Amino acid sequence: MQLWECVERLRRKASESYSKSEIKDVLNRNNRQRSHWIKMSVGTTYVIEMTSLEYKSCLQLENYHDEVIAQNNQNGSQKNSRIEFVATSDGPYRITATSANQTASGAYRITIHEFPARNETTPSR
């Protein structure tokens, strides 16, 4: 088998092991932060990334009880924000998107990578 055939087979296998969704929206003078609800499943790992070409982004994740369970403020030179989270319960979670200083306006994209929990068993000997 040729090298690039192996690479393509591995790429397809890897892409089947997770799902990806995107949210595109805009911050403006009237909406300095935007909330987006997503359903999460217990044990599933979520990688949530916010990107903007116009400002430093900030993400916050809250559970159904409005408790902040993860956040990422970009204080450095990068404009992107990222949260990695393993859901502890099934249900709705709120992603809040804003700029680092909560005064910026412009478009952003949130990408959510979902890696389902594995049911691994110990091999018998």
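Select Met40 and display its surroundings: leaving aside neighbours within four places in sequence, Met40 is in contact (heavy atoms within 4.5 Å) with Tyr46, Ile48, Leu61, Phe85, Ala87, Ser89, Asp90, Gly91 and Tyr93. The model is a predicted one, in which local features need pLDDT of at least 70 and side-chain atom pairs count only at pLDDT 80 or more, while totals for chains, interfaces and linings use all residues. Residues are numbered from 1 along each chain as its sequence is written, and side-chain values use heavy atoms, with hydrogens and water left out.

Next, select Met40 together with Ile48, Leu61, Ile95, Ile110 and Ile112, which touch the most other members of the largest nonpolar core, a set of 21 residues. Such a core consists of buried Ala, Val, Leu, Ile, Met, Phe, Trp, Tyr and Cys residues joined through side-chain atoms within 4.5 Å, where buried means under 20% relative accessible area, exposed over 50% and partly exposed in between (1.4 Å probe, protein chains only). Among the elements that give two or more residues to this core are β3 (45–51) and β6 (81–86), strands being DSSP runs of E with at least two residues, numbered from the N terminus.

From Ile48, move across to Ile83 in β6, which stands opposite; β3 and β6 pair in the antiparallel sense over six bridges, pairing requiring at least two DSSP bridges. Colouring the open sheet of four strands shows the order β1-β8-β3-β6, with antiparallel pairing. β1 and β6 stand at the edges with a single partner strand each, so one side of each is left without a neighbour in the sheet.

Finally, select Asp66, in the loop between β4 and β5 (68–73), which has a positive phi of about 60° although it is not a glycine.
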